[in-house]
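View the structure alongside the text.

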Amino acid sequence: MSNSLEKLNSVDNIVEALATAGYICNEQIATVVYLAAALGKPVLVEGPPGVGKTELAKSCAEVTGAPLVRLQCYEGLDESKAIYEWKYGKQLLYTQLLKTQLAEVMDGAQGLRESVERLHSFDDVFFSKEFLEPRPLLQAIDSEQSVVLLVDEIDKADFEFESLLLEVLSDFQVSIPELGTLKGRSKPLVFLTSNDTRDLSDALKRRCLHLHIDFPTTQLEGRIVRARVPQITQAMTDHLVEFVSRVREMDLKKLPSVSETIDWAKSLVLLHADSLDEDLVRSSLNALLKYEDDLTSVVNNLAGLLSQEQKVTDA
Amino acid sequence: MNPVERANQDAPTDRLLAFIEFLRGRDILISPADSLVAMEVAGLVGYSDRTLLKSGLGSALAKSKFEVTVFNEAFEQYFGAPKTDTTSDSSAPSQPTEQEANKLSPQELGEQLSQAIQAQPELAANLSSELVDALKSGDEAAIAIAVETAAQQVDVSAIKLLTQRGQYIRKMLDALGEQALRDAAVELESTEPAAFEAVQALREQLRNKVRDRVDRAYMVHASGDAEDMLDDALSNMSLGNVDQHHRARLKRLLERMTRKLAARHGRIRKRVKRGQLAIAPTLRKAMATDGVPFQPRWRKSIRRKPQILILCDVSGSVAAYAKFLLLFLHSLQDVLPRTRSFAFSSNLGEVTETLRALPVEVAIERVNLKYGGATDYARAFEDFARLAMSDINRVTTVIILGDARNNNTDPRLDLLAQIRSKCRQLIWLNPESQRSWGTGDSEMQGVIRNCDTAAECSTLKQLERVVDNLLVELNS
């Protein structure tokens with residue numbers, strides 16, 4: 001493992017380092033990151049949207065100073081977009097440009113057999129690394145320095161794509177039929193994120209360490225908000241986080257995530273609010289909730305949600 | 001920390017392996033490669049910090065939300081509940097409290113026993129073995145070693161059933177030489193009440209240790225087997241006969257089957273043969289044919305979207321089966337996103353939304369209330385034709401679950417034939433055994449003529465086979 005990942009050498013260091021990058025995490029997350037760096041295994045991060053799965057990878061890259069290579073998955077993603085592609089245009093162009101050289105090579109060859117033999121005596125120039133266009137996965141293992149590789153939303157990719165990932169993830173190598181096996185020059189720190197929209201294959205799961213990030217506790221969420229939105233006051237943060245955790249207990253289409261809490265906190269700061277009152281919440285709530293139905297049901301219960309909260313904070 | 005844990009501290013690896021075995025008994029699939037990772041993890045995080053060990057092992061062994069829950073529970077059970085103080089002295093568990101209850105310190109115990117020996121010298125042999133010394137002084141390590149030796153002598157890991165517990169405890173106590181203590185207790189009972197108390201306390205202590213050891217052996221070695229046996233029996237049992245007590249287990253079993261099926265069949269995609277030309281893949285393909293683009297490739301590949309319409313008879317006799325079929329197909333949302341369900345007995349209505357919005361148990365109850373009653377297939381088919389006939393096309397699979405018993409009225413099989421002519425395939429599932437098809441008021445003979453497949457589906461195994469075949473067919 002190259003130097004850049006050395007900062008991830010103990011659980012406590014990781015918690016601290018990530019905190020300086022603005023990513024507040026619990027011990028469990030740090031433990032898994034530590035193990036991933038130490039064992040050289042990919043981490044499969046699962047959890048509801050907006051709890052900071054992608055952010056974890058970004059922060060790790062920031063902390064270690066390693067470049068972040070990101071592969072966003074989608075339906076229909078295949079090897080030519082994820083691993084490598086031949087520069088077919090360049091190949092065609094070169095065959096045209098090198099016509100005269102080819103003629104020289106062939107000069108004096110008697111018959112087809114001899115011509116083909118002569119061609120064979122030359123290296124397969126058109127299928128060499130110069131004509132290979134590396135895509136994110138190949139880039140990640142072929143870099144001199146360890147990188148952080150983020151395979152985002154793997155559950156959106158097709159089932160077959162998972163199998164393509166296996167070789168890269170377990171052996172950090174890529175097999176290219178025309179070239180043979182390309183061994184990676186460094187081991188990347190790999191994060192795969194999934195929103196649980198479908199089950200991943202057992203083969204992929206087996207190669208990964210698992211990390212399930214859930215909604216944080218109110219305390220942790222308070223710290224996250226404070227780290228991300230430093231302008232907000234402590235009292236306001238407590239109110240806000242308490243309110244959000246109450247909203248999460250309701251039966252909604254989409255529960256507000258951490259990122260939405262942060263957005264809301266930011267918008268409240270912009271509005272120069274210093275306490276949560278009904279009017280303010282009603283007017284800014286669309287930063288937190290994204291469905292009309294959810295909005296109405298929260299607004300209808302607003303008095304209850306807020307008054308309860310007052311009681312708790314007063315006590 | 002109980003003696004076994006203490007004894008095993010010398011060999012944490014064995015303990016971890018036993019834990020993995022324990023997890024396997026709880027439906028968590030752990031391959032040898034996973035075990036290796038778990039070992040590496042344990043080596044890295046160490047055994048001293050419990051939470052660290054837990055999240056470390058969890059990341060290597062528990063691979064889904066479901067497994068995380070099981071893992072957390074199993075970890076607590078196996079490595080003991082969290083203790084505020086982790087130093088081994090203060091955490092020596094339940095025994096001290098029992099001794100406190102008896103109010104006998106090791107010294108007092110010793111005194112009582114030596115008094116007893118003075119009073120009845122013939123008991124000296126009975127009361128002065130190494131084991132008694134260990135018990136007297138509370139030397140946990142020595143006791144643990146003795147218990148472990150006895151466990152190996154009687155081969156406690158061969159335990160298979162819960163009812164064998166008593167037998168194994170007795171065997172181990174005999175192997176430990178507890179007989180001598182018992183004899184002494186009998187002798188002392190009438191003559192020396194104080195010493196009798198002391199001996200009884202020792203026996204109790206020993207018995208507890210042995211029982212813990214046997215329980216653990218049962219948990220690790222047998223409960224998995226016993227559960228497998230039960231699971232197997234349940235999946236071959238007629239769903240209508242499974243009693244309330246086993247319903248929860250059956251549901252778990254079903255969930256496991258769905259997960260397996262969903263993973264096996266994945267998503268369904270297919271290349272299209274029109275649209276925008278994808279230049280790169282076409283040229284790549286063309287290399288084999290000398291640059292002549294022989295096999296064009298296209299930009300888009302479509303996901304084939306099979307549609308399934310389920311019609312379930314929810315009248316009393318079939319309701320139990322309907323419940324499981326609906327549960328099954330609706331848990332396959334991943335693979336079959338466009339499933340619509342209809343429930344009927346006398347009249348028919350769509351219940352897709354109800355099933356989606358509510359937990360299945362509640363939803364089925366509600367559906368039963370709304371549509372339950374005497375079965376009338378003619379009416380049901382008419383309703384269905386009105387509701388969904390126009391939505392049936394060549395990708396639609398229609399599944400009907402019912403016993404085809406129509407109380408001797410015309411079941412309108414012509415409508416069934418019409419449905420079949422419009423859809424990709426029509427499957428009829430009947431919970432009755434094939435032998436009784438067509439007997440009495442059963443219209444099954446007519447039904448078989450009007451559908452593509454008719455199958456029996458009274459057990460979970462049969463249900464699994466039906467759904468498996470269905471998915472294979474849809475994938476082809």
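## Confidence

Chain B has an average pLDDT of 77, and 84% of its residues score at least 70. The model is predicted. Its scores are ipTM 0.78 and pTM 0.60.

Residues 1-10 of chain B are one of them, with 25 contacts in the model beyond near neighbours in sequence. Residues 82-103 of chain B are also below 50, and that stretch has 18 such contacts.

## The contact between chains A and B

Chain A gives 25 residues to the contact, and chain B gives 29. On the side of chain A that touches chain B, at least two residues each come from α2 (27-39), β3 (84-86), α10 (202-206) and β9 (209-212) of chain A. α2(A) supplies the largest share, seven residues. By type, this side of chain A has ten nonpolar, seven polar and eight charged residues.

## The α2(A) and α3(B) pair

How do α2(A) and helix α3(B) (residues 32-45) cross? Their axes come within 11 Å and cross at roughly 110°. α2(A) is therefore roughly perpendicular to α3(B).

From α2(A), the contact uses Thr31(A), Leu35(A), Ala38(A) and Leu39(A). From α3(B), it uses Glu40(B), Val41(B), Leu44(B) and Val45(B). The residues of this helix contact comprise six nonpolar, one polar and one charged.

Note on methods: Residues numbered from 1 in each chain as written. Chains lettered and ligands numbered in written order. Predicted model: local features only at pLDDT ≥ 70, side-chain atom pairs only at ≥ 80, totals over all residues. Contact = placed C-beta atoms within 7 Å. Helix = DSSP H or I, 4+ residues; strand = E, 2+ residues; numbered from the N terminus. Nonpolar A, V, L, I, M, F, W, Y, C, P; charged D, E, K, R; others polar. pLDDT = per-residue confidence, 0-100. Axes fitted to C-alpha atoms, helices over the stretch in contact; angles between N-to-C directions. Parallel < 35°, antiparallel > 145°, perpendicular 65-115°, else oblique.
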